[in-house]
Amino acid sequence: MECLVSIASLRSRLEHARKAGQRIALVPTMGALHEGHLVLAGVARREADLVVMSVFVNPRQFAPGGDFDRYPRDLERDSALAAERGVEVIFAPPVEEMYGRGTEIVVSAGETAGRWEGVFRPGHFAGVLTVVTKLFNIVQPDVACFGRKDIQQVTLIRRLVEELDVPVRLVVVPTVRDTDGLALSSRNAYLSAAERTAALAIPRALTAAVALWRSGERRPMALEAMIGEVLRSEPGLVTDYIAVVHPDRLAPATMAEPGTVIAIAARVGTTRLIDNTILGEHDF
Ligand code: AMP
């Protein structure tokens with residue numbers, strides 16, 4: 001396992017790999033690795049010969065006053081965990097290495113980025129798309145792996161790759177959950193025991209909506225009402241949105257069909273959590 005911090009050293013390492021005919025997979029992360037990230041690494045391992053994991057807490061995707069400063073960082077632990085899953089190269093650049101040459105150019109998106117998360121986190125997706133574009137250009141991976149847990153992010157990255165002709169194949173990995181159903185997230189570390197109990201209303205609400213859909217309900221409003229009811233039963237939880245949407249651009253669905261996405265964002269104390277399910281897929 002190598003941990004590289006400069007773009008030049010990574011490029012030279014990857015040039016050797018490419019010359020040797022190796023296919024390269026990229027797994028972008030912000031570190032504080034959990035099983036969700038490690039499943040991505042495992043998938044990447046099967047898809048390519050060399051796995052590069054980036055560990056970079058990207059300041060440009062945090063709002064001023066957000067949790068950038070307190071975001072958990074432990075590169076030694078992350079490197080050990082990633083190595084166990086077959087990651088050969090960690091790319092952990094300092095902020096200066098990524099943005100020292102300027103921050104004038106931004107990759108931004110239109111309507112799809114303005115919805116849902118975009119309403120609550122203005123500028124977030126421009127930060128994400130900019131850093132992902134940089135990582136694609138730096139690594140030039142054959143394959144890049146992303147988690148479906150961040151469904152709007154993955155939807156936008158798909159648009160980025162399609163619309164800007166990025167020569168990379170995307171692999172999207174289903175959400176990895178804890179045994180109690182909560183989607184794994186580095187931000188779960190912020191939750192107290194009581195907050196964690198409150199947060200469980202999120203997977204419970206998704207499970208209830210899926211059950212209602214399986215019983216034949218197809219009206220988005222009825223599914224949203226069911227989710228709202230479950231979320232409201234937990235006083236510690238503040239709902240930001242409940243979205244029943246088309247998978248391609250996340251516009252509101254008129255009918256809940258197989259493939260329709262149900263996405264939730266809610267706050268517990270100062271922690272913001274997101275989760276989703278795709279109807280007809282067996283994750284609940
Ligand atoms: P992050 O470190 O939060 O930026 O996440 C890095 C990558 O891991 C993103 O592609 C996320 O969607 C993915 N990821 C985060 N949590 C999970 C999870 N519970 N299951 C699957 N993928 C995840």
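Which loop holds Asp165? This is a predicted model, with residues numbered from 1 along each chain as its sequence is written. Local features need pLDDT of at least 70, side-chain atom pairs count only at pLDDT 80 or more, totals for chains, interfaces and linings use all residues, and side-chain values use heavy atoms, leaving out hydrogens and water.

**View A. Asp165 has a positive phi.** Asp165 lies in the loop between helix 8 (151-163) and strand 6 (169-173); helices (H or I, at least four residues) and strands (E, at least two) are DSSP runs, numbered from the N terminus. Its phi is near 55°. Most residues other than glycine have a negative phi. Asp165 is exposed, at 62% relative accessible area (exposed is over 50%, buried under 20%, partly exposed in between; 1.4 Å probe, protein chains only).

**View B. Leu250 has a positive phi and is buried.** Here phi is about 60°, again in a residue that is not a glycine. Leu250 sits in the loop between strand 7 (237-245) and strand 8 (261-268), and its relative accessibility is 3%.

**View C. Three strands make an open sheet in the order 7-8-9.** The pairing is antiparallel, where a pair needs at least two DSSP bridges between the strands. Strand 7 and strand 9 (271-278) are the edges, each pairing on one side only. From one strand to the next, the twist averages 15° (axes are lines fitted to C-alpha atoms, for helices over the stretch in contact; angles run from 0 to 180 degrees between N-to-C directions).

**View D. Strand 8 and strand 9 pair over eight bridges.** Ile264 has Asp275 in strand 9 as its bridge partner. Helix 10 (residues 201-214) packs on the sheet and touches strand 7, strand 8 and strand 9, contact being heavy atoms within 4.5 Å. The direction of helix 10 makes about 20° with that of strand 9.
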